[in-house]
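Please find below a note on the structure, arranged as numbered points.

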There are 2 protein chains.
Amino acid sequence: VSQKQVKSRGGVPSKATAFRLSQYLRVLSSEADATGRMPSSTLAKAVGVSDAQVRRDLAAVGQPGLRGVGYDVEHLTQAIRQTLVIHRPWRAVLVGTGNLARALLKYRGFQKQGFEIVGLFDVDANIVGQCIDAMIVMNVETLPSRVKSLRAELGVITVPAEAAQDVAARLVAAGVRGILNFAPTMVRTPANVSVVSVDLSIQFEQLAFQVGQVHDQQHKQTD
Amino acid sequence: VSQKQVKSRGGVPSKATAFRLSQYLRVLSSEADATGRMPSSTLAKAVGVSDAQVRRDLAAVGQPGLRGVGYDVEHLTQAIRQTLVIHRPWRAVLVGTGNLARALLKYRGFQKQGFEIVGLFDVDANIVGQCIDAMIVMNVETLPSRVKSLRAELGVITVPAEAAQDVAARLVAAGVRGILNFAPTMVRTPANVSVVSVDLSIQFEQLAFQVGQVHDQQHKQTD
């Protein structure tokens, strides 16, 4: 059963597996040491899953691993990047120029990972034409021609919730293949345009859960 | 084996299960209909895991479900909120007042979920004393007394990477029990203070992966 789950859709990892692969990548880059190898237990502990889960996930990307030797950090990193399709760069346009958009533009992590923001758009005529982070803000009406000329494949939505669906439709019409949605609402797209919604409440919930666990454990120890 | 994974630490869900529980909550609130019931298949499809995984996860929070009848949306929502320890409010202080902090303050989703930002702090003497979103920015030096008087249990870090570890240490010394870290770096805390790091690159990677899958499928269909 577990094998089926990991390898659903004939060898393609599930979304849940893909998420863990991203988490493993972080551990591989932050906890690699001079040996150039990392045991499954290090990955398991850092991500909070079982050793067996790590080995299943990594077998699914063609890295069976050798018991007692650990994974080759460089090979494993490359294999995961290939599976996640981040072994090549992605160009994205950003719609919305509020605080979150400005925070994203300053966030150097994206660029390092191969995600480049190549165009900045807004609906507000007062903001169009302004310069933010060395980019001129363009009118959202010009998305169709700009997406093509900028060779952007992804769109990032940072507009308020009530404008998000309209912007998503404009991005789809302009030909993007995927949307990263930061608006606190669901947006719908045709099946051939993927959407990943970033819901920051989930992170807060995970923190509440973990703090709750620590508290429970301390009570058990002192009771 | 799967049962062990879900129920590791004697009935407490793993971090990976807790993350899926958060995702199920989103689906329960966005896709509930007039029947007040939801089949495991709806949850499975929306989150991208198998039906069996959904049933195992929900059995672990005491909701076995009835085949063919679906889950009671309200009961299940309450059970998950209790497991994630979000059935009661959490008070948090925010350190850093840049674009990301301002975006978080405007983001109404948190308040609705029971996470309240009750204090705003900065290291910059030029910003301390300013009013942002109806709150006076306080000096980070005053964290120990303020965290107590504000009855804050959580800290949110939105300072640049190079300042993050220092701020984390100050929050720990001030007595917070958990930290939500938006700085693009790892911060270390004692074992009794949980840290959840928000790495927005992971979301971008998940989008690249999903777009890559759509592309592959289309090629297979047309080849």
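1. Across the interface of chain A and chain B, 14 residue pairs are in polar contact, both residues being at pLDDT 80 or more. A polar contact is a pair of N or O atoms within 3.5 Å; within protein, one must be able to donate a hydrogen and the other to accept it, and residues adjacent in sequence count only if both atoms are side-chain atoms. Helix H10 (residues 200–222) of chain A provides the largest share of the side of chain A that touches chain B, namely 18 residues. Helices (H or I, at least four residues) and strands (E, at least two) are DSSP runs, numbered from the N terminus.

2. This is a predicted model, in which local features need pLDDT of at least 70 and side-chain atom pairs count only at pLDDT 80 or more, while totals for chains, interfaces and linings use all residues. Residues are numbered from 1 along each chain as its sequence is written, chains are lettered from A and ligands numbered from 1 in the order in which they are written, and side-chain values use heavy atoms, with hydrogens and water left out.

3. In extent, 72 residues of chain A are in contact (heavy atoms within 4.5 Å) with 72 residues of chain B. The two chains bury about 6,900 Å² between them, 63% of it on carbon and sulfur atoms; buried area is the accessible area (1.4 Å probe) that two parts lose on being put together, summed over both. Phe204(A), Glu205(A) and Phe209(A) supply 11% of the area that chain A buries against chain B, more than any other three residues.

4. The rule also finds four salt bridges across this interface, each a side-chain nitrogen of Lys or Arg within 4 Å of a carboxyl oxygen of Asp or Glu. One salt bridge joins Asp199(A) to Arg26(B), with the closest N and O atoms 2.6 Å apart.

5. Within chain B, an open sheet of six strands runs in the order E7-E4-E3-E8-E9-E10, with parallel pairing. Two strands pair if DSSP finds at least two bridges between them. Strand E7 (138–139) and strand E10 (194–197) of chain B are the edge strands, each pairing on one side only.

6. Six bridges join E3(B) to the parallel strand E4 (residues 115–122) of chain B, where Glu116(B) is the bridge partner of Arg91(B). With strand E8 (residues 154–157) of chain B, E3(B) pairs in the parallel sense over four bridges; in E8(B), Leu154(B) is the bridge partner of Ala92(B), and Ile157(B) stands opposite Val95(B).
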